[in-house]
Amino acid sequence: MNAQAGFTRKGWILFAVMAFVWGITYLFIKEAVDTFGPPAVVAGRTLLGGLVLLPFAIRSGALKAAWKHWPWVLVFGLLEMGGPFLLLSHAETQLPSGLTGLLVATVPLFAVIIALLRGDRSALAPIRLGGLLVGFAGVVVVVAGPGLFPHEPASMIAIGEILLTAVMYAIAPFVIAYKLSDVPSIGTITLALFAIGLAYLPAALLTPHEPPTVRSAGSLLLLGVICTALAFVAFFALIREVGPVRAPLFTYINPIVAIVLGTVLVAEPITPGLLIGFPIILIGCWFAATGGRLKPRASEVAPAAIE
C-alpha cells in the first residue's frame, strides 16, 4: 500500500461497493432496533459476519496468522466495531437518518487531522483539501432541512455519540495500514468480529427487547452478511489500495444511498437538496481522491494485494 497513491480503477470499484453497502446500513440498523436492543444488534451482526467468514479464514490459515497479532486486532475491533456499532445503534433511536449520515461524513475530515498529526502534509494539498471541503458541503446540502438538528437532551447526547463514532472510524484505517498491513485481512476481520460479538453477547441476552418481527430479523441478517462480512473485506481492500486518508471518502456518498433507498422503499420524496448536493459531492470526492488528475501517476499506483 502506498499512502500517496491516487485512485485506480480498482480503487473506484471498491469505493462504489463501500458507498453502497455502508449506505444501506442506516436503513437496516433503524429497522433492526425496532425490536432488538442495541447490544443485540451489535452481537448479532458481528457474530453473523464472523460465521460467514470463518470457513474462509480457517481454510486459508489467515485466522492463525491474525491471532499472532491479537492485541492490534482487538484495538481495530474496538475502534471499528465495538464502539461504533453500539453508538450508532443507540443514536439511530434518537436522530433522523439524514443527520446521522451528515455526522458520519465527518470521518474524512478527522482522517486528515490524524494524518497531519502523523506528519503527513500531503493531506494539505490545496486541490485535495478543497475537494474534501466541497464534498462535505455537498453532504450538508443533501441532508439539510427542517428539524435536522434537534435540541432535546437525548438528541444532543446522540450527536456526541455519532461524532465519537466518526473519530473512531477515522483512526481505524491507520491501525490497518500501519499495524496490520502484513496480516491477512480476512483473518483480522474474522477474529475481530468474534471478539466483539462474544463480548456483547451477555448484554444482548440480558437486555429486554420486543419479539422480533420478520422485518427486523431480516434487517439484522442483512447487517451481518452484507454490511459487516462483505463490507469489511471490501474496506480492507480499499485501504490497501488508496491509503487510510482517502479511503473514508465513501462516507460522503453513504447518505445519498440512504436517501435514495428511502425514496424507493418507503416513497420518501426526492428533495431539491439531493439534486443540488449530489453533483457537488461527486466533484468534491473526485478532487479529494485524485488531486485533479484524470489518472494516477505510474509511480503512484499502489501495488497492494488483498489476501
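Which residues of α2 are buried? In this predicted model, the buried residues of α2 are Thr25, Tyr26, Phe28, Ile29, Glu31 and Ala32. Helix α2 spans residues 25-32, and six of its eight residues are buried, so the helix is largely enclosed by the rest of the structure.

The largest nonpolar core contains 94 residues. Met18, Trp22, Phe76 and Tyr252 have the most contacts inside this core. Helix α11, which covers residues 214-242, gives the most to the core, with 13 residues. In soluble globular proteins, nonpolar side chains tend to be buried together.

The surroundings of Tyr252 were examined separately. When residues up to four places away in sequence are not counted, Tyr252 touches Ala105, Pro108, Leu109, Leu132, Gly135, Phe136, Val139, Ile281 and Cys285.

Helix α11 also packs with helix α10, which is formed by residues 185-206. The angle between the two is about 135 degrees, and their axes lie 10 Å apart. An angle of this value makes α10 oblique to α11, because angles over 145 degrees would count as roughly antiparallel and those from 65 to 115 as roughly perpendicular. The crossing of α10 and α11 is right-handed. On the α10 side, the contact is made by Ser185, Thr188, Ile189 and Leu193. On the α11 side, Thr228, Phe232, Val233, Phe236 and Arg240 take part. Sorted by class, the contact of α10 with α11 comprises five nonpolar residues, three polar residues and one charged residue.

Notes. Residues are numbered from 1 along each chain as its sequence is written. This is a predicted model: local features need pLDDT of at least 70, side-chain atom pairs count only at pLDDT 80 or more; totals for chains, interfaces and linings use all residues. Side-chain values use heavy atoms; hydrogens and water are left out. A nonpolar core is a set of buried Ala, Val, Leu, Ile, Met, Phe, Trp, Tyr and Cys residues joined through side-chain atoms within 4.5 Å. Buried means under 20% relative accessible area, exposed over 50%, partly exposed in between (1.4 Å probe, protein chains only). Helices (H or I, at least four residues) and strands (E, at least two) are DSSP runs, numbered from the N terminus. Contact means heavy atoms within 4.5 Å. Axes are lines fitted to C-alpha atoms, for helices over the stretch in contact, and angles run from 0 to 180 degrees between N-to-C directions. Angles under 35 degrees count as roughly parallel, over 145 as roughly antiparallel, 65 to 115 as roughly perpendicular and the rest as oblique. A crossing is left-handed if the near helix is turned anticlockwise from the far one by less than a right angle, and right-handed if clockwise. Ala, Val, Leu, Ile, Met, Phe, Trp, Tyr, Cys and Pro count as nonpolar, Asp, Glu, Lys and Arg as charged, and the others, Gly among them, as polar.
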